[in-house]
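Me: Please take a close look at a single part of this structure, beginning with the local backbone. I would then like a connected account that goes on to sheets, helix packing and charged pairs.

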Amino acid sequence: MLKQNAQNEIPFNGEFEDSEEESDDVSEEDSEDDDLQNKRKKKRKQLVNNNKRLIMNVSDTQYAAVKFVGKILNKFKLQYTPYLETQVWDFCWTDNAVLPETLARMQSHQRINHFPGMYCIARKNYLGKNLNKMAKQFPEEFDYYPKTWMLPSDISDLRQNIGKIKYFIVKPEASCQGRGIFLTKQIESIASEHCVVQRYLHKPLLIDGLKFDFRMYVLLAGCDPLRIYLFKEGLARFATQPYQQPNQMNSEEMCMHLTNYAINKDNPNFVFNTDDKQMDIGHKRSLSSVFNLLSKQTNIDELMAKIKDLIIKTFCSVQPFLQSNYTQPDNYANNMCFEILGFDILIDNTYKPYLLEVNHTPSFTADTPLDALIKKNLIRDTITLMNINLKVKNDLQQLQKEQMQKRVFGKKPKISNEEKKQLKLQAQIEREQYESQNLGNFEKIYPCDKSYDEYLQHSQKIYEEWTGANIRRNIKKDNATDRDKLPQQRQLQHSITIQGSTIDSNNKPSSDPAKPSVRKSLYKHVHSKVFSNINPQKSMTELPQQQPIENKLQDGNDNEITSEDQQNISKQQDKNERSKRPPSFYVIKSAAKQSSDIQLVDLYNYKRISIPEASPQSQPNILQYQQSCQQQQSPNFKSATQLAKHFSIRKTNKSKLKPSESDQEAKKDLIQAVNQYSQFQQQQQQLSFFQSQQQHIQNQQQQQNGSFIKPKVFNLKLQPPHFKIPSLPILMQQQNYYKFRYD
């Protein structure tokens, strides 16, 4: 029951007119007058410098109850300038949603009555999607709402349930006051429409033969962490026609199946409440009066516990989304936003509560004494609980000035994450102490003794999968694990190096400094199989036994060299095989070792290409030039070209062959082949240049009246893949660059 105190309360009849509203609204004609402009400037200065009264912006609200509570009960100065056009306000009450950009522009002492992103539960389609996702993981815990489908995406699943469910109730995605709601059995007619379809609860709890539901007011006072309060008083809304289960005759009787006040108030059977002291009469009653009536039939405490539980679970399903839209990370008290939501709850004949929908802008219309009393007290207790007063504003502004001075003088150090946690914890403790003493008619339902961490963790997981944050987090984890493994890998590498040096010293100590170290060759060419079974934590004496050399040679792995004896044997075998190989083998084999030399030779020969000048007067004879080129070609040039095409220079190829006399001969043959190929390439380029010059001259002769010909861009194509095109500065240094660029 509401605690009514007639001596202290100021009566509110549902109407309110502000005398200062007309003085704040200045027309366009008056703005042209200089006197009025000066008055407005003075007034703005007064608003900026005035610290005696808080400014409440009510430009975007239509409810008289909000203005009455703000000006009469809390002594706020009402402001009617659109809140998006000015920042000179302390408290804003709006009937529409708030964007994250609006919250980002707010100062620390300002308050607003909406959270950005609340549509995630206020719109019927988003509420159904979020609850369905949670129900997949927790089917028994999230069974407090009718089974819901979002069309047209869920039409296939809906068709499978047509025979199981008698009637469906169809609702628009974003609507209120019962508009566009109807009952149906035929789904195919709405299969392509965007709407929300729910299973119709055909066995509701009845009072006096009428269907009813509850409008319960919930205050979300913080989203990070969640702070949820439930107003102890609410409304019970009744239908105006006696209830019957839906059939073909009564499925269109909305005053029988719907309990919305906007639909039933126009019915001639509707009975209005005329006395706020008799709240159990009429088709709109108080929540406490209905609970008193139901207490004779069921346990009200258990029913209220179920209702509180479903309210908390609903907020847990969207908490990560609300937190991401709360763009005030430095607001440690978590109190710049608050929101009053209307939860519509239906009780079935087994006294199980069902959540029908959530309204982010519940109506504060006070057209009956019952509405005026309940809604006035709700708004008053909300403002008191959110600690919106002048003292808090002045303290925050003074703190902000001190921080600004420290920034200017460079004395403010950066706050660490641990210090931020301590500041946040301290602010939460101070807020908890204040709110516990100023609850009014509110009851805090979260945080509570029961743990809801598993629901919050799963909703966080769903949000990360939806936004892709889990992928980025996994990448960071992999990078962190790789960084953790680096010391272990270095330790293992260090142990292998030490053990390799121990093996070398045991086998054959190298006293000659000119002789290459066996340890170095082991470190470069040792195979991973040799020390795969070594534990780095073991002592250096516990080394694996070496296999015989004959068994090692049978493995066929060229990279596996385990001892100096094996190296000597492999060298002798290579000498024997080298004497039997043809000369072409050494040309290809030594190409990998002389890759840098070949690249230098290629670049030098390429840069030596000189293109002769040609003028329109001197036309070259291309046929004679082709014949001369063919005569200059040697019969051995084909073999050199084939060898050049078979060259495959790879940086990863590590040859163990040492230079010998046959290798030097192969190197000479290779350089000779490259020179021959470069001469051939030079001749081909000169030939193509002469052809393009002759074609250019012919095209100029065909043109008449000096018409302009768009130049063709010359595209240089070098056929061996290892030839590299020089950069632009190198080309610009050549004498014939522009002729080389255009035909």
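Reply: D208 lies in the loop between strand 9 (206–207) and strand 10, where helices (H or I, at least four residues) and strands (E, at least two) are DSSP runs numbered from the N terminus. Although D208 is not a glycine, its phi is positive, about 60°. The model is a predicted one, in which local features need pLDDT of at least 70 and side-chain atom pairs count only at pLDDT 80 or more, while totals for chains, interfaces and linings use all residues. Residues are numbered from 1 along each chain as its sequence is written, and side-chain values use heavy atoms, with hydrogens and water left out.

The peptide bond from D224 to P225 is cis, with omega near 0°. A cis bond also joins Y446 to P447, with omega near 5°. P447 belongs to the loop between strand 16 (442–446) and helix 17 (453–467).

Strand 5 and strand 8 (residues 195–199) run antiparallel and are joined by four bridges; M150 stands opposite V196 of strand 8.

The loop between helix 7 and strand 5 contains D143, whose partner K352 lies in the loop between strand 14 (339–347) and strand 15 (353–359), 209 residues apart. K352 and D143 form a salt bridge with their closest N and O atoms 3.3 Å apart. The term denotes a side-chain nitrogen of Lys or Arg within 4 Å of a carboxyl oxygen of Asp or Glu, and by this rule the count comes to 21.

Another open sheet has four strands in the order 2-1-3-4 with parallel pairing. Strand 2 (77–79) and strand 4 (111–112) each have a single partner strand and stand at the edges, so one side of each is left without a neighbour in the sheet. Three bridges join strand 1 (residues 55–60) to strand 2, and M56 has L78 as its bridge partner in strand 2. Helix 4 packs on this sheet, touching strand 1, strand 2 and strand 3 (91–94), and its direction makes about 165° with that of strand 1.

Helix 4 (residues 64–73) also packs with helix 14 (residues 369–385), at about 55° and with axes 9 Å apart. The contact is made by A65, V66, F68, V69 and L73 of helix 4 and by K376, I379, R380 and I383 of helix 14.

Technical notes
Two strands pair if DSSP finds at least two bridges between them. Axes are lines fitted to C-alpha atoms, for helices over the stretch in contact, and angles run from 0 to 180 degrees between N-to-C directions. Contact means heavy atoms within 4.5 Å.
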